[in-house]
Amino acid sequence: MSLLIKNGRIITASQDYTADIFMEGEVITTIGKNLRMKADETINAAGMMVFPGGIDPHVHLDMPFMGTFSSDNYETGTRAALHGGTTTVIDFVLQTQGKSLRHALEQWQARANGNCLGDYSFHMAVTDFNDNTRLEIAEMVDKEGITSFKTFMAYKGALMIDDRQMVGLMQEVKKCGGMVTVHATNGDMIDYLVAKHRAEGKFAPLYHYLSQPEITESEASGRFADMAIYTGVPGYIVHMTCEGALNHIRDATKRNQKVFAETCIQYLILDASLYEMDFEGAKWVMSPPLRQKKDQASLWAGINQGLVQVVATDHCPFKWEQKKMGEKDFSKIPNGHPAIENRMELLYSEGVGKGKISLNKYVEVTSTNAAKIFGMFPKKGCIAVGSDADLLIFDPKEKHALSAATHHMNVDYSAYEGWKLKGKCKTTILRGKVAIDNGKVCIPKGYGQFVKRKKVNGII
Ligand SMILES: [Zn+2]
């Protein structure tokens with residue numbers, strides 16, 4: 001099977017030129033002007049941009065939570081991702097405290113394997129670091145190709161590890177050639193504030209926001225950076241939202257440290273005023289919460305200064321019925337919002353379209369950097385001979401609006417209902433096959449493959 005894309009404007013993290021791309025089997029074999037080889041299928045991409053397929057390294061599909069599951073499973077979630085130009089996602093396996101990493105991995109594999117349309121990989125969330133867990137780290141890196149280990153500094157009694165476990169994990173992961181990632185926040189302070197607000201009879205979604213002030217995140221980001229420099233482990237902060245946290249990363253550079261940072265699309269374009277609506281604000285109840293306009297400005301600047309390398313989603317959708325579990329108590333609202341399908345178009349329209357980031361930076365933060373940081377480059381994250389033929393053909397001019405009525409995510413509302421965007425995903429190609437063409441799905445469930453990742457050392 002061969003496929004030829006003619007006359008597309010090819011944009012990578014460092015280049016911008018018009019050429020043809022020829023792919024045979026799953027990889028790109030030739031790039032050049034006026035290619036004449038015979039292909040089984042030819043796509044005319046004149047007037048279109050061609051990007052490397054998007055990589056979203058922060059999603060939660062079919063995730064067990066509070067007696068329910070996030071509403072997109074691996075089939076609907078990866079299909080929606082492909083509709084939105086994202087060809088690879090990295091999901092999180094969550095260890096159950098008291099049980100092994102292997103036990104958790106088997107549960108996640110049972111839900112994911114054979115069900116994905118798009119390619120996928122796993123981070124391993126270590127929630128209970130002990131002598132047994134320590135022995136499993138090398139096995140995850142060497143045998144499973146899982147080279148990033150997520151930690152939570154929040155959700156005490158379920159997911160949170162203390163600093164003693166954090167330092168122990170960092171030393172082991174460093175030794176094995178992996179990376180430690182973190183939900184950086186001060187879990188004890190949040191627990192106190194949640195309890196205080198509930199005791200005062202304050203149950204609206206607004207109090208979810210007020211229970212996680214900026215300082216909880218900035219303090220923990222600094223603490224994480226300190227432990228990372230001490231142990232020498234490559235570190236990555238997920239879903240960074242605020243100026244204070246970013247400044248801790250900026251400070252870390254003054255002592256020659258590199259801590260990677262990811263923000264998510266919502267923190268760049270939505271703000272906490274949404275929590276002032278009554279219960280409707282539950283649509284945006286997520287942790288960390290949305291912040292203020294000044295934080296958005298910091299994050300855009302952080303992207304351009306190279307301090308923030310990745311724009312992900314933390315896609316974790318719940319239907320309205322599920323969100324209503326917290327109608328009388330903000331602390332019972334399942335955390336998360338749907339965005340896996342919207343990230344590429346939103347960031348193009350709001351970022352490139354409004355002059356906040358360059359086209360090359362757009363490719364860097366939606367694809368290339370995630371591939372490099374997480375050990376998938378140059379298989380993923382670029383348009384080059386020998387790389388997987390994962391491509392997004394994008395119409396930069398087409399105008400459209402986002403809506404739950406037209407999206408493909410398995411959730412009955414849109415966090416961006418009515419948003420008017422310029423720029424639309426037209427054709428998504430995954431490993432040499434057209435996966436989505438003008439809204440039509442062209443590959444079966446099960447086409448998506450698990451991506452084993454390489455060891456990482458914190459240098460990209
Ligand atoms: Zn998350």
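Me: Strands are DSSP runs of at least two residues, numbered from the N terminus. Where does that place Met 66?

Reply: This is a predicted model. Met 66 sits in the loop that joins strand 7 (64-65) to strand 8 (68-69).

Me: What makes the phi of Met 66 worth a remark?

Reply: Most residues other than glycine have a negative phi. Met 66 is not glycine, yet its phi is near 50°, a positive value.

Me: Why is Met 66 called partly exposed?

Reply: Its relative accessible area is 39%. Buried needs under 20% and exposed needs over 50%, so a value in between is partly exposed.

Me: Which value does phi take at Tyr 155, and where is this residue?

Reply: Phi of Tyr 155 is near 65°, again positive in a residue other than glycine. Tyr 155 is in the loop between strand 11 (148-152) and helix 4 (163-176). At 30% relative accessibility it counts as partly exposed.

Me: How many aromatic pairs does a search of the whole structure find?

Reply: The search finds 15. One of them joins Tyr 120 and Phe 450.

Me: Which parts does the pair tie together?

Reply: Tyr 120 belongs to strand 10 (residues 119-125), and Phe 450 to the segment after strand 19 (440-441). The pair therefore links parts that are 330 residues apart in sequence.

Me: Are the two residues, Tyr 120 and Phe 450, buried or partly exposed?

Reply: Tyr 120 has a relative accessible area of 3%, so it is buried. Phe 450 has 28% relative accessibility and counts as partly exposed.

Me: How do you know that Tyr 416 and Trp 419 form an edge-to-face pair?

Reply: Their ring centres are 5.6 Å apart and their planes are at 85°. The cut-offs are within 6.5 Å and over 60 degrees, so the term applies. Tyr 416 is buried at 0% relative accessibility, whereas Trp 419 is partly exposed at 22%.

Me: What makes you say that Arg 111 sits over the ring of Trp 108?

Reply: The charged end of Arg 111 is 4.4 Å from the ring centre of Trp 108. The distance cut-off is within 6 Å, with a second one of within 35 degrees of the ring normal. Lys 150 likewise lies over the face of Phe 92, at 4.3 Å from the ring centre.

Me: Why do His 58, His 60 and Asp 314 count as donors of the zinc ion?

Reply: Donor atoms must be within 2.8 Å of this metal. NE2 of His 58, NE2 of His 60 and OD of Asp 314 lie 2.1 to 2.2 Å from the zinc ion, so they qualify. In sequence, the donor residues are spaced H-x1-H-x253-D. His 58 is buried at 1% relative accessible area, and His 60 is buried at 7%.

Me: Which residues does Gln 266 touch?

Reply: Gln 266 is in helix 9 (residues 265-269) and is buried, at 0% relative accessible area. Its contacts include Asp 314 and Tyr 416. Asp 314 is also a zinc donor.

Me: What is the omega of the cis peptide bond from Ser 287 to Pro 288?

Reply: Omega is near -5° there. Most peptide bonds are trans. The bond from Phe 377 to Pro 378 is also cis, with omega near 5°.

Note on methods. Residues are numbered from 1 along each chain as its sequence is written. This is a predicted model: local features need pLDDT of at least 70, side-chain atom pairs count only at pLDDT 80 or more; totals for chains, interfaces and linings use all residues. Side-chain values use heavy atoms; hydrogens and water are left out. Rings of Phe, Tyr and Trp (its six-membered ring) pair if their centres lie within 6.5 Å; planes under 30 degrees apart count as stacked, over 60 as edge-to-face and the rest as tilted. Helices (H or I, at least four residues) and strands (E, at least two) are DSSP runs, numbered from the N terminus. Buried means under 20% relative accessible area, exposed over 50%, partly exposed in between (1.4 Å probe, protein chains only). Donors are N, O and S atoms within 2.8 Å of the metal (3.2 Å for Na, K and Ca); water is not among the atoms, so sites may look incomplete. Contact means heavy atoms within 4.5 Å. Lists of a residue's contacts leave out its neighbours within four places in sequence.
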